[in-house]
Amino acid sequence: MKKIMVVFLSIMMIVSLAAASFADGAALSCSATNDQLNRGDSVTVTVSLSGAPDVKSMQLTFDIPTDVFTVDGGWSISGTIADFNKSKNLAVIAFESPTNINGSIFTLDLTVKDDAAYEDFDVAITPTVKVSSEEGETEVPCAGTSVTLTVIDPSCRHNNKTSVAAKDSTCIDQGWDAYAVCGSCGQLFSADGKEISEIPYRELNPDNHTGNTEIRNQKDATCTENGNSGDTYCKDCGALISAGSKIKALGHDFGAWITTTAPTETTEGEQTRTCSRNWQHVETRTVPKADHVHDLNHIAANKATCDQPGNTEYWVCSTCNRHFSDAQGSNEINANDVIIAPADHHWGEWVVTREAKAGEKGEETRTCIYDSNHKETREIPSLPETENTDAQTEEPSTVAPELPEITVPENEIIENPDTQAEEPSTVALELPEITVPENEIIENPDTQTEEPSTVALELPEITVPENEIIENPETANDENTAIWLPVVIIALLDAAAVAIIVIRIKK
Ligand SMILES: [Zn+2]
Ligand SMILES: [Zn+2]
Ligand SMILES: [Zn+2]
Ligand SMILES: [Zn+2]
Ligand SMILES: [Zn+2]
């Protein structure tokens, strides 16, 4: 039986394909009021026609398992002839003229026999459609139809249940609650085991999207403008699932500063840096003037002279004219500090260049020991016009030709006044004329090599002061010399000396 059905269906499919290739294709279709039947149940199968041209006649051939079903029914439209031969499973209808009969055309009433097997049965209907033509009537292809009817075993113990897990609804597909179905009778059961008539579908869930999404309104952040991660939409239902979030502006990503204009000591420079994200983002800044680099000239130390200032060693910048005590220019000094003031003249003693006489001024001069061109001159007051004075100041003369002349030094210049306290030396007069150095200039008494000599004389010893300190030759002349010169002369005369000491004082 089933093999026959398969062959039939195969043929039917071929016919169906042929019909489909013919215009839009005339075709039959059918629907049953119920396809799950118990023994004794009746079911109505309605046959419809579509896509057919106006027909002259039509024939339906039924393939119905007559051992299962009793058959009844008939055309639901009227024609010149409308016949249903149940024993031949054949129905025929014919019209006076071609008639449009698309739509419901036949009703088949089937009743399950009491001894029907508990199985599935196919009811197939094959049409033959004829239209008018010059040759009379010609057949046009028309696809057949079929329906499967199940005869349920009411005594099924439902030992062949299959559980179907619950499935959530999505935004576009209905899910269902868990249920079970009997593999033997097709009975459905709810999760708690109760018989149910249909699958327990759930409502669509607009919040349960399938995950098939797309991003809209996305915007990348730039250095200065915020971006957006983009809104997420369900591609299936088009609903907005989640709004995008703000992406903060990135800020510039500047590279290193590059000097475009180098600074000098007198002009500022310029540097720029560029954003790695956008070469048009450039920052510029001014570079301060370059540090001054001294151009140092070395000035050697130079001693001051009596009339010319000297200087210490220093370095001076030819550009900024600042002064430094070191060659590196690290220790700046005041320009005035390098100057060494001119030294004072270091005068020698006054020397009489013209003797003062009675009524006539003299003149004396002193010379700088550092530079003989430096001289100072001053007057010597004239002497009073008396005879004594005249004689007193006369050049010492040799008094006794037979006695030797002795010249005794005096007027030695000793800078250290302490030596004034020295013991007067003992001078013994005996020898002929002795010349003793005079006018010695002794800066340091230690260097005095020519000790006034001790002169041995036959005569009684005479103590003669020496090493007189004359700080001011003027006063020394007038006082000291004047005081003790006569004492010497008198002492010599009293001792009946034959020697004459001639003392000359030169200025
Ligand atoms: Zn069952
Ligand atoms: Zn969706
Ligand atoms: Zn930037
Ligand atoms: Zn400088
Ligand atoms: Zn001088």
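Begin by selecting Asn89, which counts as partly exposed because 16 C-beta neighbours lie inside 10 Å. For this scale, a residue is buried if 20 or more other C-beta atoms lie within 10 Å of its own, exposed if 12 or fewer, and partly exposed in between, with C-beta atoms placed from the backbone. Asn89 lies in the loop between β6 (81–85) and β7 (90–99), and Asn89 has a positive phi of about 55° although it is not a glycine. The strand labels come from DSSP runs numbered from the N terminus: helices are H or I runs of at least four residues, and strands are E runs of at least two.

This is a predicted model, in which local features need pLDDT of at least 70 and side-chain atom pairs count only at pLDDT 80 or more, while totals for chains, interfaces and linings use all residues. Residues are numbered from 1 along each chain as its sequence is written, and chains are lettered from A and ligands numbered from 1 in the order in which they are written.

**Two further loop residues**

Is Asn217 buried or exposed? Asn217 counts as exposed, because 11 C-beta neighbours lie inside 10 Å.

Then select Ala262, which lies in the loop between β22 (258–261) and β23 (269–274). Ala262 is exposed, with 11 other C-beta atoms within 10 Å.

**Strand β9 and its partners**

Select residues 120–133, which form strand β9. Two strands are said to pair if DSSP finds at least two bridges between them. Strand β4 (residues 55–63) pairs with β9 in the antiparallel sense over 7 bridges, and there Asp63 stands opposite Ala124 of β9.

Which residue of β12 is the bridge partner of Ile125? The partner is Thr145. Strand β12 (residues 145–151) runs antiparallel to β9, and 6 bridges join them.

Now display strand β10 (residues 136–140), joined to β9 by 5 bridges and antiparallel to it. The two strands form a hairpin with 2 residues between them. Within this pairing, Lys130 stands opposite Glu139 in β10. Strand β10 is hardly covered: among its 5 residues the count of buried residues is 0.

**The open sheet**

Select the 5 strands of an open sheet, ordered β5-β8-β3-β1-β11, with mixed pairing. β5 (69–75) and β11 (142–143) stand at the edges with a single partner strand each, so one side of each is left without a neighbour in the sheet. Follow β11 to strand β1 (residues 26–32), with which it pairs in the parallel sense over 2 bridges. In this pair, Ala27 has Ala143 of β11 as its bridge partner. While viewing strands, recall that in a regular strand the side chains alternate between the two faces of the sheet.

**The nonpolar core**

A nonpolar core is a set of buried Ala, Val, Leu, Ile, Met, Phe, Trp, Tyr and Cys residues joined through C-beta atoms within 7 Å. Select Leu28, Val47, Phe106, Val123 and Cys142, the residues with the most contacts inside the largest such core, which has 34 residues. Strand β8 (residues 103–112) gives the most to this core, with 5 residues.

Centre the view on Phe106. Two residues are in contact if their C-beta atoms, placed from the backbone, lie within 7 Å. Leaving aside neighbours within four places in sequence, Phe106 is in contact with Val47, Leu60, Gly73, Trp75, Ser76 and Ala91.

**The whole chain**

Finally, show the whole protein, which has 3 helices and 40 strands. Buried residues make up 13% of its 507 residues. Of the contacts with a separation of 6 or more, 59% are between residues 24 or more positions apart.

Colour the model by pLDDT, the predictor's confidence in each residue from 0 to 100. The mean pLDDT is 79, and 71% of the residues reach 70 or more. Select residues 487–491, where pLDDT stays under 50 and the model has 3 contacts beyond four places in sequence. End at residues 495–507, where pLDDT also stays under 50 and the model has 45 such contacts.
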